[in-house]
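My notebook is open and the viewer is loading. Let me jot down what I look up, step by step.

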Amino acid sequence: MNAVSEENELIKKAIIARDNAYAPYSKFKVGAAVQLQDGRVFTGVNVENVSYGLTVCAERNAVAAAIQYGAKPKDIVSIAIAVDAPKPASPCGACRQVLAEFASEELVIILHNINSAITERMKLAELLPKAFSKDELGVTF
C-alpha cells in the first residue's frame with residue numbers, strides 16, 4: 001500500500017471512530033486513529049463529562065488503546081484526527097505532550113475536516129517544539 005492510500009485509510013478509520021464520540025455538551029465530536037511502526041492502527045474518540053475537566057480527548061484515547069496492545073514509546077508513526085468544524089482542529093496541549101512520549105518529532109499528524117474535506121499535514125515538532133521529555137528529568141530507560 002502506498003503512503004497516500006495508508007493516509008486515506010487512517011483518515012477513514014478516524015472518521016468512523018468519530019461517530020461513536022460522546023460529546024453531549026459541546027457537540028464537538030472527534031475521532032482519532034494512530035498507526036504504529038508495525039502497521040497496526042488503533043482508534044479513539046473524545047469522551048465528555050458534565051465536569052469538563054474529566055473529559056478525555058480522542059487522541060489520548062487512541063494512544064491508550066495502542067498502549068493496551070503493547071505500543072511502546074516512539075512506536076506511533078502517524079495520527080489522523082477527524083472533526084466536523086469550520087477548519088481542521090489540532091491536538092490540545094495535553095494530547096501533544098502525550099504524543100511526544102509515544103512518537104518521535106517526525107510523527108505525521110493529519111488533521112481532517114469531514115465536511116469541507118480540508119486536510120492539513122504536519123510533524124509533531126511543528127506543533128510542539130522543544131517538548132518536555134525524559135531528558136529534562138535525567139531519566140534513562
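Entry 1. Before looking at pairs, I noted the rule: two strands pair if DSSP finds at least two bridges between them. Strands (E, at least two residues) and helices (H or I, at least four) are DSSP runs, numbered from the N terminus.

This is a predicted model, where local features need pLDDT of at least 70 and side-chain atom pairs count only at pLDDT 80 or more, while totals for chains, interfaces and linings use all residues. Residues are numbered from 1 along each chain as its sequence is written, and side-chain values use heavy atoms, with hydrogens and water left out.

Entry 2. I looked up the whole sheet: five strands form an open, mixed sheet in the order S2-S1-S3-S4-S5. S2 and S5 are at the edges with a single partner strand each, so one side of each has no neighbour in the sheet.

Entry 3. How do S3 (residues 76-83) and S4 (residues 103-113) run? I found them parallel, joined by seven bridges. Isoleucine 76 stands opposite alanine 103 in S4.

Entry 4. I then followed S4 to S5 (residues 119-123), an antiparallel pair with five bridges. Valine 108 has lysine 123 in S5 as its bridge partner. The two strands form a hairpin with five residues between them, and alanine 117 in the turn has a positive phi of about 60 degrees.

Entry 5. At the other end, S1 (residues 30-36) pairs with S2 in the antiparallel sense over five bridges. There I spotted valine 34, whose bridge partner in S2 is phenylalanine 42.
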